[in-house]
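Hi everyone, thanks for coming. I'd like to walk you through one structure today, starting with its ligand and finishing with a sheet.

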Amino acid sequence: MTTTENITWTEAKIKGLVRPNILNLTPYSSARSEFKGRADVLLDANESPFDTGVNRYPEPLSTDVREALAKIRNVHPDRIFLGNGSDEIVDQVTRVFCIPGKDSVVALPPTFGMYKVAAGINDVGFRAVTLQSDFTIPVEELKASWDDTTKVLWLCSPNNPSGNLMDAAVVEDLIRSFPGIVVLDEAYIDFVPEESFVPRLDEFPNLIITQTLSKAWGMAGVRLGAAYASEFIITMLRAIKMPYNINVLTKDAALDALAQPEVMQSRVDLLIRERRRLERELGQLPMVDYIFPSVTNFLLVRFTDSDRVYRYLLDQGIVVRNQSYQPNAKNCLRITAGTPEENTKLIEALRALGEAQD
Ligand SMILES: Cc1ncc(COP(=O)(O)O)c(C=O)c1O
């Protein structure tokens, strides 16, 4: 079925997208989900009684972290699901909505690789519609790519590895016309002044927005991702989660960071300045063919010979990401903005390579 008509969503239609076995699942009931109050003596979870700071299981829904995020994003905590990184949420969305061996998802390469891997793990078909050469969405081709089996559309904005923000009107049109779940991956949203789609959740019953503490918040090591969606979709994600997927150490670190958004903002400001400096400096090197405009903390740079540059940088102890194998990214390396000192090292190393070539 190819359609460009807007879908009218009813509760029954949304429910119909969920795999029947998940819709009917009785989720695992953990000790901490059965007893939610306060007690002096906890003998219900076969934990160790000795207080090491981590001897107790975490509260299963990480309510305090959801409340902290809810304040920042101005959304109800019941519309937030937390995952062990947004990686975990990518897998969970695939499992909630796609019947293995039957259903499919569609994504727009070059893009974040986990959408395809999650489909592969779950024996779900993966349809790829390549972004145009300026990394905008080929809307008509995309609309022609889905059919009745296509349950999830993955949109990444700003997109990794191209660094561009997708046009909000195009995103809106796709959410309204796709007859399944649209996931808008906003991992890099804190780097852009444009508004997230989170405040617009009420308009889109079929939308899931994912974000992460791994990028602007500087916490890739704690593994915390968030999905924002309707209460019904959040309930479905909760139904299949591991009982204690967010651990106590992650929770504590996240609460500390979320209490200081100004620290995140000052780092973001610095990284944006550094990205702009990289863009200016790299743009002057003859070995650089093109730098794609980026709104994120990284740049996609096309070199005249990316393999040579990649190997040379490795020899200098500098690792960037080779993207040349991705569609429309031939000879491209993805370079993350580091500290000012790290970026200076990169620029000097590339200048030295340029001079050796002259
Ligand atoms: C677009 C995008 N989404 C999701 C992720 C994964 O984030 P997390 O660390 O929360 O699993 C990444 C990481 O590179 C990413 O680029």
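**The ligand and its surroundings**

The ligand sits in the second largest pocket. Please keep in mind as we go that this is a predicted model.

So, who is around the ligand? The shell holds 13 residues, and the closest are S86, D185, T212, S214 and R223. If you sort the shell by class, you get four nonpolar, five polar and four charged residues. Which element gives the largest share of that shell? That would be helix α5, residues 85-97, with three residues.

Take D185: an N or O atom of its side chain is 2.6 Å from a nitrogen atom of the ligand. How much of the ligand does the protein bury? On its own the ligand exposes 400 Å², and 92% of that is buried by the protein.

Let's move on to the sheet. This is an open sheet of four strands, in the order β8-β9-β11-β10, and the pairing is antiparallel. At its edges are β8 (288-291) and β10 (321-322), each pairing on one side only. Looking at β8 and strand β9 (residues 298-303), you'll find three bridges joining the two, which run antiparallel. To spot that pairing on screen, look for V288, which stands opposite F303 in β9.

Key: Residues numbered from 1 in each chain as written. Predicted model: local features only at pLDDT ≥ 70, side-chain atom pairs only at ≥ 80, totals over all residues. Heavy atoms only, no water. Near = heavy atom within 4 Å. Polar contact = N/O pair within 3.5 Å; in protein donor to acceptor, adjacent residues only side chain to side chain. Areas by Shrake-Rupley, 256 points an atom, 1.4 Å probe, with all protein chains shown as cover. 1 Å grid on protein atoms, 1.4 Å probe; cavity = no way out; pocket = protein on both sides within 12 Å on 5 of 7 lines; lining within 4 Å. Sits in = over half its atoms within 2 Å of the grid points. Nonpolar A, V, L, I, M, F, W, Y, C, P; charged D, E, K, R; others polar. Pairing = 2+ DSSP bridges.
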